[in-house]
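Please walk through the following model with its overall make-up in mind before turning to single side chains. The paragraphs below go from the annotated spans to selected residues.

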Number of protein chains: 2
Amino acid sequence: MSITEGVAPDHGEPEHSEHSGDGQKPEQEASGGVRRRHLLFGGAAAGLGALAAAGIAAGTKPDAAGRKGQNTETGAAPSAGASDVVPFYGPRQAGIETPAQTHAVFLGLDLKPGLTRQRLAAWLRLLSEDAAALTQGRPALADTEPELAAGPARLTVTFGFGPALVALASPGLAPAWLRPLPAFGIDRLEPAYSGGDLLLQVCADDPLTVAHARRMLLKDSRSFATLRWTQTGFLRAARSNPAEETPRNLFGQLDGTANPRGGAFERVVWGGEGIEPWLKDGTSVVIRRIAMNLDTWDELDRRGREETVGRRLSDGAPLTGGTEHDEPDFSARNSLGFPVIAESAHMRRARPEDERQRIFRRPYNYDDAPVTGGAESGVSNSGQIFVSYQADVDRQFVPIQRRLDELDILNEWTTPVGSAVFAVPPGAREGSFVGAELFD
Amino acid sequence: MSITEGVAPDHGEPEHSEHSGDGQKPEQEASGGVRRRHLLFGGAAAGLGALAAAGIAAGTKPDAAGRKGQNTETGAAPSAGASDVVPFYGPRQAGIETPAQTHAVFLGLDLKPGLTRQRLAAWLRLLSEDAAALTQGRPALADTEPELAAGPARLTVTFGFGPALVALASPGLAPAWLRPLPAFGIDRLEPAYSGGDLLLQVCADDPLTVAHARRMLLKDSRSFATLRWTQTGFLRAARSNPAEETPRNLFGQLDGTANPRGGAFERVVWGGEGIEPWLKDGTSVVIRRIAMNLDTWDELDRRGREETVGRRLSDGAPLTGGTEHDEPDFSARNSLGFPVIAESAHMRRARPEDERQRIFRRPYNYDDAPVTGGAESGVSNSGQIFVSYQADVDRQFVPIQRRLDELDILNEWTTPVGSAVFAVPPGAREGSFVGAELFD
């Protein structure tokens, strides 16, 4: 399943910054203004009517990660009555340090054969403009259901580029780590959830917002690309358990305790030294689909489940005591002389040997339709869409995954079935588009 | 698609009643108390540990339908910091007049061959007890992820009985309408979404709550039944657009404007005269899966889309003017002499000829994974889980559906692909179970 651990969390106070929101009140068009054609029923109807959009209110709180970037947004608990807006344009893409929204869909697209560099740029511009509109609560360019664009519910659209896209846009500019991950012994990868030339990560607190954005972005893509895979995920709704800042996965574990914060977040995600110039203020994302066998997991007693990770289920504290964010004592032994946190425990295995081997995880649960009929009837099709951001996949992600592949008791109940790596370009300036650096 | 219309909405003020919530603070069990077994990794682990659950707060506002029944709950916008609880026990089942939650899953189960009447009662008791616990934010009996039960987010579990279940429990007691609907010309029904012996409608504002409840209820069912179908749906999240009380479907329409309210709701849903004694305070539910062809819908201009239903897309007002809940003027004609609301418009066709032909709709959107690869790549798999409650299917639902089958311009873009009818028994008294009336 998850890589829940990094090095000790950075407890430095995050720097808060106050930005004013970037939301705009779109013009309200009288519905009478769109009554330009009269449809005779039974006959054909054509064309797109003019569109009206409802007004929006911009969120203006500092982001939860406390970063200085452009991702000014509300925290995890938007107030009733406000349509919360995360800015789209800025030096870095939104949807990374943005506090995780309740719903996400990940789309993996393949370029159509013969797509030209010029057409690729046109597609990225179209996607960027529609993403910019939708995230601000405005309809997409050819939006036929403009009312569904109102109330963006912290919608973000984050772009990731696969090797073929970078090669077409700017041959030779792909970083060394932009390739499939090395094969791991635990992997049982399915092509249906692996690879892809373009990633679109669409997140919002409202499932209808995600559905509408997905549809608009896929319509934009029809002439340029084919859909390779879709993964739909969710977290606990923001307000259901405000006491828990770290989300829980379907194993019931608090998942993400050791994520870097503050200054560590900056280093882990955005890097700095050795980065390709076009990836300044960019990063990388690894998306792995991890099937979780809830049935065999349920055969384990509670203590066993806590020992798989080395943390308490109730509050995420290390088994050596304290609270969620306290340091574990790996040398502690119990009365029988066994380590309190086992050698094979996930938290011990995932912990990097080197401070530079850290990643920022932003995972989602998935829970597709259970098995119908037959002996397996009702068995769940559940797991985690593992999503990690890091400046360098080879330096940060791969060593952790190698250790987990060698030994991690959690592997007993989890199976990676999908895997993809993307370069995440910087954000777009207003008037430009995501990936423009590759077309200069 | 939808049956969006009934007779003129009843604008009588709903009767509000104040109940105190039924939530209970479960005992907090120290996590140390569950460390009863030590797991040696590599060996087998067995048994279920003792479980701890987080505390909950009970919602105490009147329900949005303003009814006097037991469904005391918070409105559509629960406040931050509260885990909102809908009572399970009471004269009528929850999840019907309960203001629609954001997420729903509908499970259609078939009794295992040879299941005895006694075993059926045991299953219903088990499901009732776990539904009672989970809806109140307490773990299910064999809950292995008790933390996921905290924060029930207005969870409701509503039971429906198919003909075979009633026949096994009490032969001869099935009402005449408890059978598959008559065949309609527009239907393209798939067995994968039709029929079933037991319906479980699981709704909550949190997708993780729904996932956990589904899993617990399906685990309860393994010895007794097989899963026949699953349908997962959603609405706009409660707070994203508080100005709109009526939800929007994926066609962008306000959907449910003419739902009965106040006294009309009571008559439509709970009936009275002629009801089987065991169904007093019960009702019926029709669940139809309606595929919506968003692609051809998009070829229609906005005016055409408005004329399919006879309402404005922006605010749901009839095309003859006014606001959402105003009466349409079916005699009005435009300057060309055509009716402003066409003869084939959905709202005109759906409107009952008879006040007794009304239904209460509680639908959800579905938006499953789009087509991957090939010429249809990216085409959506979307529609509506049509859910209607009415005291008598034959008297209330069938005449409306007959008229829509004969003529309804919306049929051009919608296709029913699933259909099921269930009797909805009354609620359970504490200590008893849903359906106990059939075992007296």
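Helices (H or I, at least four residues) and strands (E, at least two) are DSSP runs, numbered from the N terminus. In those terms, residues 93-234 of chain A are 29% helix and 23% strand, and the end C-alpha atoms of this span lie 21 Å apart. This is a predicted model, in which local features need pLDDT of at least 70 and side-chain atom pairs count only at pLDDT 80 or more, while totals for chains, interfaces and linings use all residues. Residues are numbered from 1 along each chain as its sequence is written, chains are lettered from A and ligands numbered from 1 in the order in which they are written, and side-chain values use heavy atoms, with hydrogens and water left out.

The span 93-234 of chain A carries the UniProt annotation "domain: Dyp-type peroxidase N-terminal", taken from an unreviewed entry. UniProt positions are given in the numbering used here, feature names are shortened, and annotations may be inferred rather than shown by experiment. A further annotation from an unreviewed UniProt entry, "domain: Dyp-type peroxidase C-terminal", covers residues 246-428 of chain A; this span is 22% helix and 21% strand, with its end C-alpha atoms 30 Å apart. Chain A as a whole comes to 8 helices and 9 strands.

How confident is the predictor in chain A? The pLDDT, which is the predictor's confidence in each residue from 0 to 100, has a mean of 82 over chain A, and 80% of the residues of this chain reach 70 or more. Over residues 1-82 of chain A, however, the pLDDT is below 50, although this stretch has 225 contacts in the model beyond near neighbours in sequence, a contact being heavy atoms within 4.5 Å. The model scores ipTM 0.82 and pTM 0.83.

Of the 440 residues in chain A, 63% are buried, where buried means under 20% relative accessible area, exposed over 50% and partly exposed in between, computed with a 1.4 Å probe on protein chains only. Among contacts in chain A between residues at least 6 apart in sequence, 79% join residues at least 24 apart. Ser419(A) counts as buried because its relative accessibility is 10%, and, not counting residues up to four places away in sequence, Ser419(A) touches residues including Leu181(A), Tyr193(A) and Arg288(A).

Tyr193(A) also takes part in a charge-over-ring arrangement, which requires NZ of Lys or CZ of Arg within 6 Å of the ring centre and within 35 degrees of the ring normal. Arg289(A) lies over the face of Tyr193(A) at 4.1 Å from the ring centre, and Arg289(A) lies over the face of Tyr366(A) as well, at 3.7 Å from the ring centre.

A pair of aromatic rings is described by the distance of the centres and the angle of the planes. Rings of Phe, Tyr and Trp (its six-membered ring) pair if their centres lie within 6.5 Å, and planes under 30 degrees apart count as stacked, over 60 as edge-to-face and the rest as tilted. By this rule the count over all chains comes to 16 aromatic pairs. One of them joins Phe433(A) and Phe439(A), a tilted pair with 6.0 Å from centre to centre and 50° between the planes. Phe433(A) counts as buried at 8% relative accessibility, as does Phe439(A) at 16%. Elsewhere, ring pairs link Phe251(A), Trp297(A) and Trp413(A) into a cluster.

In chain B, Arg362(B) has its place in the loop between β6 (360-361) and β7 (364-368), and it is buried because its relative accessible area is 4%. The side chain of Arg362(B) reaches the backbone oxygen of Gly95(B) at 3.2 Å and that of Thr98(B) at 2.8 Å. Both are polar contacts, that is, pairs of N or O atoms within 3.5 Å, where within protein one must be able to donate a hydrogen and the other to accept it, and residues adjacent in sequence count only if both atoms are side-chain atoms.
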